[in-house]
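Let us walk through a protein chain together.

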Amino acid sequence: MSHAEFVAEMAAVSDLLSAINLLNWDARTQMPPGGAETRAKQIATLTAMARDRAASDAMQQLISRAEDTLADVPETDLRRRALAQAKREIDILRRIPAALITETAELSAKSHSLWAKARAEDDFALFAPVIEKTFALQRGIAEAIGYDDHPYDALVSRYEPGMTRAKLRPLFDALRSGIAPLLDRARGAEVRTDFLTRGFPVAAQKAFGIALAERMGYDMTRGRVDDTVHPFEISFTRQDVRITSRFRADALAAGFFALWHEAGHGMYEQNIAPEFTRSIFATDLVNLYAVGGTSFGAHESQSRLWENRVGRSHRFWEQHYPELVAAFPDQLADVSLEEFWRAANRAEPGLIRVEADELTYDMHIILRAEIEMALLTGDLAVADLSAAWAEKMRDYLGVAVPSDRLGVLQDVHWSHGYVGSFPTYTIGNVMAAQFFETALQAPGVAAGLDRGDYAPLRGWLTENVYRHGRSRLPDDLLVQATGRSLETGPYLAALSAKVDMLA
Ligand code: ZN
């Protein structure tokens with residue numbers, strides 16, 4: 001009986017968080033601009049309700065009574081693991097003082113428009129006080145959560161449980177030294193891109209993108225695709241997992257790669273074990289978010305896997321380039337498969353993270369993570385931020401930063417109070433290659449990819465990644481699926497193989 005009460009209470013918290021997701025989805029796809037102010041209040045109210053319920057003394061009692069009820073059940077039993085996970089996450093939630101959460105939310109509500117203005121006007125001084133305040137609040141949150149070695153550990157582990165600065169450093173070092181020579185080799189490659197800006201009607205690009213997302217396995221009977229400025233994926237249980245996209249007639253391919261990225265996130269959510277619905281294994285109590293993926297990095301590994309390891313691969317286009325040409329016969333009449341593939345995989349250092357290609361993307365992340373660590377401890381002052389940014393961009397990518405608008409002001413993250421989330425993009429890249437390398441060894445997976453049949457790969461991912469939801473921590477998931485903890489070898493090998501074909 002007592003265990004059932006815990007399950008019911010967790011389900012109610014999960015319902016509140018799913019309702020918040022729905023309000024957010026609506027705000028970003030349907031809501032008229034006039035609704036923004038009230039909507040922010042509605043979301044704040046529901047978030048406070050979910051937080052109070054999850055962190056309540058009543059929940060603590062339900063957990064402890066459920067533990068008594070299950071005392072004779074083995075610790076490996078999923079019900080016991082659910083209780084342990086709820087305890088772990090609620091413990092972190094309860095350590096962060098409510099005042100710090102309120103202050104962070106208030107700052108975030110105010111600073112988004114300030115950030116947008118500062119970026120538009122290239123006015124760093126306007127945004128500098130927000131950065132100052134954001135890092136002060138995050139320092140407070142890190143102290144409240146607690147850490148052994150470095151305050152960054154407390155923040156990054158909210159998004160990637162178990163991750164620390166000490167584990168990130170060798171990862172970053174390996175990527176920096178592994179990618180630099182690849183970039184040098186790729187730089188000389190001749191890549192034709194003139195055809196990408198010929199008019200490609202948006203409706204036809206979208207139809208092509210969705211048709212292939214469905215063949216990859218994104219289930220449109222439990223999903224939908226809407227238009228947005230910044231594509232994202234969001235779910236309200238595995239039965240309703242929505243994605244968004246943005247297509248432009250003068251930019252062939254960017255739209256459908258972004259769609260497949262979100263479809264990868266979507267397939268993760270759609271394939272969580274059905275029995276995890278409305279449970280702790282589909283609910284993130286630390287970030288108060290209804291989600292089935294076990295960490296930000298693990299989630300990103302699935303979007304990157306489908307976008308890059310599958311969607312940008314040569315064998316994928318050997319199968320599907322004729323279909324693309326059939327959709328755009330005039331525009332692509334003089335473009336070969338080889339030319340299209342090279343354009344889709346070209347590498348060129350640039351200033352903007354969200355426009356970066358696979359070979360340069362991680363350098364943007366490493367730069368941001370290092371800057372966050374230094375700002376958090378005070379080793380870097382906000383006043384010196386622009387100069388530090390420019391220096392790292394020169395060192396890592398060899399580009400000169402002409403303005404703060406194209407430098408330190410480009411990302412929205414700090415205006416929302418996200419400090420410590422950037423590394424999860426790179427963790428996702430590295431994890432994706434590791435999962436993919438192992439999946440290719442499984443019977444039928446490689447042969448399936450060779451004939452445009454994605455069911456074997458999706459089946460392997462469902463069995464080894466998706467169905468487990470949040471019931472395994474990221475490192476356990478990786479070790480049980482691939483036999484190893486996170487390592488850069490498979491990722492660097494994949495990048496190197498790509499450069500061999502480009503150069
Ligand atoms: Zn993503």
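Of the 503 residues in the chain, 55% are buried. Keep in mind that this is a predicted model. For burial, the cut-off is under 20% relative accessible area.

The chain has 20 helices and three strands. Its radius of gyration is 23 Å. The globule rule gives 23 Å for 503 residues, so the chain is as compact as a globular protein of that length. What does the C-alpha trace span along its principal axes? The spans are about 70 × 55 × 45 Å.

Now look at two helices. Helix H7 covers residues 151-159, and helix H14 covers residues 358-377. Their axes come within 9 Å of each other. They cross at roughly 130°. That angle makes H7 oblique to H14. An angle over 145 degrees would count as roughly antiparallel, and 65 to 115 as roughly perpendicular. The crossing of H7 past H14 is right-handed.

Which residues make the contact? From H7 come Pro151, Tyr152 and Leu155. From H14 come Ala369, Glu372, Met373, Leu376 and Thr377. Sort the residues of this contact by type: six are nonpolar, one is polar and one is charged. Glu372 is the charged one, and Thr377 is the polar one.

Technical notes: Residues numbered from 1 in each chain as written. Predicted model: local features only at pLDDT ≥ 70, side-chain atom pairs only at ≥ 80, totals over all residues. Heavy atoms only, no water. Axes fitted to C-alpha atoms, helices over the stretch in contact; angles between N-to-C directions. Helix = DSSP H or I, 4+ residues; strand = E, 2+ residues; numbered from the N terminus. Parallel < 35°, antiparallel > 145°, perpendicular 65-115°, else oblique. Left-handed = near helix turned anticlockwise from the far one by under 90°. Contact = heavy atoms within 4.5 Å. Rg over C-alpha atoms; globule rule 2.2 N^0.38 Å. Buried < 20%, exposed > 50% of the residue type's maximum accessible area, 1.4 Å probe, protein only.
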